[in-house]
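Open the model in your viewer and keep the sequence panel beside it. Each stop below says what to select and what is there.

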Amino acid sequence: MSETTGATPGASYAAAGVDIEAGDRAVELMKEWVKKTQRPEVLGGLGGFAGLFDASALKRYERPLLASATDGVGTKVDIARRMGVYDTIGHDLVAMVMDDIVVCGAEPLFMTDYICVGKVHPERVAGIVKGIAEGCVLAGCALVGGETAEHPGLLGPDDFDVAGAGTGVVEADALLGPDRIRTGDAVIALAASGLHSNGYSLVRHVLLNEAGMALDTHVDELGRTLGEELLEPTKIYSLDCLALTRTTEVHAFSHITGGGLAANLARVVPDGLHATVDRSTWTPDAIFDLVGRTGRVERLELEKTLNMGVGMMAVLPQESVDVALTTLADRGVDAWVAGEITERAGHTDGAALVGDYAS
């Protein structure tokens with residue numbers, strides 16, 4: 001075919017908006033952070049088509065059960081984008097995935113991530129992966145791989161989203177859950193670090209859209225700017241929960257995410273039993289009152305949307321309470337007895353909040 005002088009250049013991937021070189025640069029920048037998450041069982045490094053984990057490490061288990069979970073961080077990514085802060089959202093992602101896995105008593109093993117962007121900004125992508133890697137270290141798991149996808153035309157140049165999937169392992173006879181819970185068990189609440197990663201559609205609607213608050217506004221009751229409060233990373237409880245299973249008897253955990261405290265706790269309460277949680281045992285952080293007051297949001301609506309200051313709950317025998325609270329205090333986790341397990345007689349659901357919050 002003859003070459004036509006002055007003809008319009010043919011189509012290319014770059015012309016369509018996908019920058020392969022920028023993607024390669026992002027991979028180079030993230031390598032050092034991924035390396036920090038490695039466990040002895042991980043084989044190879046970045047660049048392969050699949051992450052490898054040596055399953056022979058599971059031979060020490062009599063009957064190993066693999067636990068898996070996948071999640072994202074919802075519209076909290078919009079706050080990160082607006083703030084131009086990208087190295088904390090990864091903590092949220094790890095928490096959402098690995099704290100689901102630890103609920104059954106499983107040890108987190110490894111995780112993969114998926115980052116979708118409108119345009120690859122290498123330093124920005126590396127910052128997101130840095131946060132994910134730091135979160136993996138806090139959860140005790142390896143980051144064995146991931147994917148960065150550039151979607152020009154579908155996302156704006158500064159838009160992005162993140163998701164992840166993880167795997168853990170638990171001995172079959174150590175599996176935690178509803179079958180272990182008994183009448184008289186105590187319910188221990190583990191304090192949240194803030195809003196965590198749920199309910200941001202409501203929070204953004206109330207504070208940013210309706211009230212018109214700016215993210216850089218200093219809010220006295222929060223003690224910092226609104227943006228700093230909303231970007232506070234989700235607490236990662238994985239190693240704290242595993243420490244409890246090693247030091248005392250635990251029957252179940254409940255990760256307080258979408259749906260709120262009562263609905264998530266009810267997921268681990270067996271038929272015939274009921275969990276009562278006393279609001280008077282804690283005072284929710286100021287951000288919850290700010291959202292409720294500013295948006296005139298009813299308490300029950302807040303409670304089924306936000307965690308109200310509790311990020312994880314543990315259900316355990318009364319005789320385990322003292323050791324559990326001491327273990328958590330030694331690990332720097334604020335925790336308290338928030339309720340108990342009773343017969344369900346007279347109750348139509350598995351869990352409920354009673355009383356008023358402490359002032």
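Select Cys136 to begin: this residue is buried, with a relative accessible area of 0% (buried means under 20% relative accessible area, exposed over 50%, partly exposed in between, with a 1.4 Å probe and protein chains only). A disulfide is a pair of cysteine sulfur atoms within 2.5 Å, and the structure holds 0 of them.

This is a predicted model, so local features need pLDDT of at least 70 and side-chain atom pairs count only at pLDDT 80 or more, while totals for chains, interfaces and linings use all residues. Residues are numbered from 1 along each chain as its sequence is written, and side-chain values use heavy atoms, with hydrogens and water left out.

Colour the chain by pLDDT, the predictor's confidence in each residue, from 0 to 100. The chain has a mean of 90, and 88% of its residues reach 70 or more. Now select residues 1–6, where pLDDT stays under 50 and the model has 0 contacts beyond four places in sequence (contact means heavy atoms within 4.5 Å).

Next, go to Ser197, in the loop between strand E7 (186–191) and helix H5 (200–210). Helices (H or I, at least four residues) and strands (E, at least two) are DSSP runs, numbered from the N terminus. Is Ser197 buried or exposed? Ser197 counts as buried, at 5% relative accessibility. Show the side chain of Asp92 as well: the side chain of Ser197 makes a polar contact with it, at 3.2 Å (a pair of N or O atoms within 3.5 Å; within protein, one must be able to donate a hydrogen and the other to accept it, and residues adjacent in sequence count only if both atoms are side-chain atoms). Beyond four places in sequence, the contacts of Ser197 include Val73, Lys76 and Thr234.

Select helix H7, residues 238–247, where the buried residues include Ser238, Asp240 and Cys241. Among the elements that the buried residues of H7 pack against are helix H3 (89–101) and strand E10 (252–255).

Finish with the open sheet of 6 strands, in the order E10-E12-E7-E13-E11-E14, with mixed pairing. Two strands pair if DSSP finds at least two bridges between them. E10 and strand E14 (351–354) stand at the edges, each with a single partner strand, so one side of each has no neighbour in the sheet. Within the sheet, strand E11 (residues 273–278) runs antiparallel to strand E13 (residues 335–343), joined by 5 bridges. Select Leu273 and then its bridge partner in E13, Glu343.
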